Amino acid sequence: MYENFYGLKAKPFNIIPNPDMVYGSKRHKQALTYLNYALADDIGFVLFTGDVGTGKTTMLRRFLSETTPDTDVAVIFNTNVSALELLQVVLREYEIEPIPASKVECLAALNDYCIDNFAKNRRTLLIIDEAQNLSREALEEVRLLSNLQSNNQCLLQMILCGQPELKSIIHAPGFEQLSQRIAVRYHLTPLNREETGEYIRFRLSCAGGENAELFDEEAIDLIYANTNGIPRSINILCNTSLVYGFADELPKITRDVVQTVIDENGGMDAPEGEAAQGQDTFAPAVAPDAPLYSNAHLQAPNTSGYGQQLYALKNEVKRLSDRLTWLETNPTLPDEGNDKMLKALTALVDNERTRYEQLQRHTVKLEQEVLILRKKLSMFEKNN
């Protein structure tokens, strides 16, 4: 929408993790170094944590983009599963067939897979993101997975990634053995004021922008004060500021523009450290480029219009996905009938997900247009 006006080739502040737009702050470089060191030095267990929105998932994607072809990788994002389901998901990610129905059989199948990889001089890497959501029983299975090792080398390397509370969970009574097995730990913290300015200019440059001072220093001061240096919040606030600047045809984003965005979209004071984990410091009513709306927006029962349609489609996708997962792991029909059911449900899930994503993109576009029209109407009313 505003790209041509500001001489950009792409949206610079998209909140979807993009390994090609990883800003190399000292902390992010250290995180990448620790992850690469752990993999290269056959470290068995790594704990990678960070405040919400600091870029953990983006760093993992950058790390994975640099892994060598001799590494088999499984990445688990859905951690709201039982211990058995976790093992089955791991096997599925490694494409190990058939999927056993018991934990003992799952562990045996994974062990055989890791031994076979070791014999072929290949690495086996397991990454569990959002690990703070794992149940106590699932975390115990993670500990047991660390037992997959030869006499002098681990067969399965693991990276547990999650929010700051994951550190507290692992240090809680009962998890001493798990904590003792973690050889490398790194916590990713927010950017400081200087890095925030560099981050904004870096993202603009990655998007093809030639005006490094598109956001003036006072605007960056205010952005930092209201985001506490959290990249995701910076992206949201900067993106919406560009929408406002485009609506008013402003050549530069000033402090006044940023302040208007904060005032009109419910900005809040910057949080202090980990006490505010789980919050975005700036949460506009509409977050342009967001892959999903906030939970509050999607789950509100009184949402109207497109919001209701999004809410209904989101729930339908979840319902069908849950049903499909259940059928895959709990076959109750004859093979032929079960295959037909799985194919039918798979098609339904894909269709509903496509409809949801199309409606979502259309809704974001409409709401951005409404935002611009409101701004222009407000300016017109002030001038008349």
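How exposed is arginine 193, in terms of relative accessibility? Arginine 193 comes out as partly exposed, at 24% relative accessibility. The cut-offs here are under 20% relative accessible area for buried, over 50% for exposed, and partly exposed in between, with a 1.4 Å probe and protein chains only.

Hi everyone, a quick word on the ground rules. This is a predicted model, where local features need pLDDT of at least 70 and side-chain atom pairs count only at pLDDT 80 or more, while totals for chains, interfaces and linings use all residues. Residues are numbered from 1 along each chain as its sequence is written, and side-chain values use heavy atoms, with hydrogens and water left out.

Let's stay with arginine 193 and talk about salt bridges. By that I mean a side-chain nitrogen of Lys or Arg within 4 Å of a carboxyl oxygen of Asp or Glu. The count for this model comes to 11.

One partner of arginine 193 is glutamate 217, with the closest N and O atoms 2.8 Å apart. When I say helix or strand, I mean DSSP runs numbered from the N terminus: H or I of at least four residues for helices, E of at least two for strands. Glutamate 217 is partly exposed, at a relative accessible area of 39%.

Arginine 193 also forms a salt bridge with aspartate 221, and there the closest N and O atoms are 2.6 Å apart. Aspartate 221 belongs to helix α9 and arginine 193 to helix α8, so here the parts tied together are 28 residues apart in sequence. Aspartate 221 is partly exposed too, with a relative accessible area of 36%. Through shared partners, salt bridges join Arg193, Arg201, Glu217 and Asp221 into one network.

Next, which residue meets arginine 27 in a salt bridge? That would be glutamate 195, at 2.7 Å from N to O. This pair links distant parts of the chain, with arginine 27 in helix α1 (residues 26-40) and glutamate 195 in helix α8 (residues 193-206), 168 residues apart. Arginine 27 is partly exposed at 23% relative accessible area, whereas glutamate 195 counts as buried at 9% relative accessibility.

On to the rings. A pair of aromatic rings is described by the distance of the centres and the angle of the planes. The rings of Phe, Tyr and Trp (its six-membered ring) pair if their centres lie within 6.5 Å; planes under 30 degrees apart are stacked, over 60 edge-to-face, and the rest tilted. A search of the whole structure finds 7 aromatic pairs.

Among them, tyrosine 23 and tyrosine 199 are edge-to-face, at 5.9 Å centre to centre and 80° between the planes. Tyrosine 23 is in the segment before α1 and tyrosine 199 in helix α8, 176 residues apart. Tyrosine 23 is buried at 10% relative accessible area, and tyrosine 199 is buried at 5%.

Methionine 21 is also in the segment before α1, and it is buried with a relative accessible area of 10%. Its C-alpha atom is separated by 9.8 Å from that of tyrosine 199, 178 residues apart along the chain. Leaving aside neighbours within four places in sequence, the contacts of methionine 21 (heavy atoms within 4.5 Å) include Phe202, Arg203 and Cys206.

Separately, Phe5, Tyr6 and Phe246 form one aromatic cluster.

There are charges over rings as well, meaning NZ of Lys or CZ of Arg within 6 Å of the ring centre and within 35 degrees of the ring normal. Lysine 11 lies over the face of tyrosine 2, at 4.6 Å from the ring centre. For arginine 136 over phenylalanine 175, the distance to the ring centre is 4.6 Å.

Last stop, strand β2, residues 71-76. Of its 6 residues, 5 are buried, so β2 is largely enclosed by the rest of the structure. It runs parallel to strand β3 (residues 123-128), and 6 bridges join them; pairing takes at least two bridges found by DSSP. Within that pairing, threonine 71 stands opposite arginine 123 in β3.
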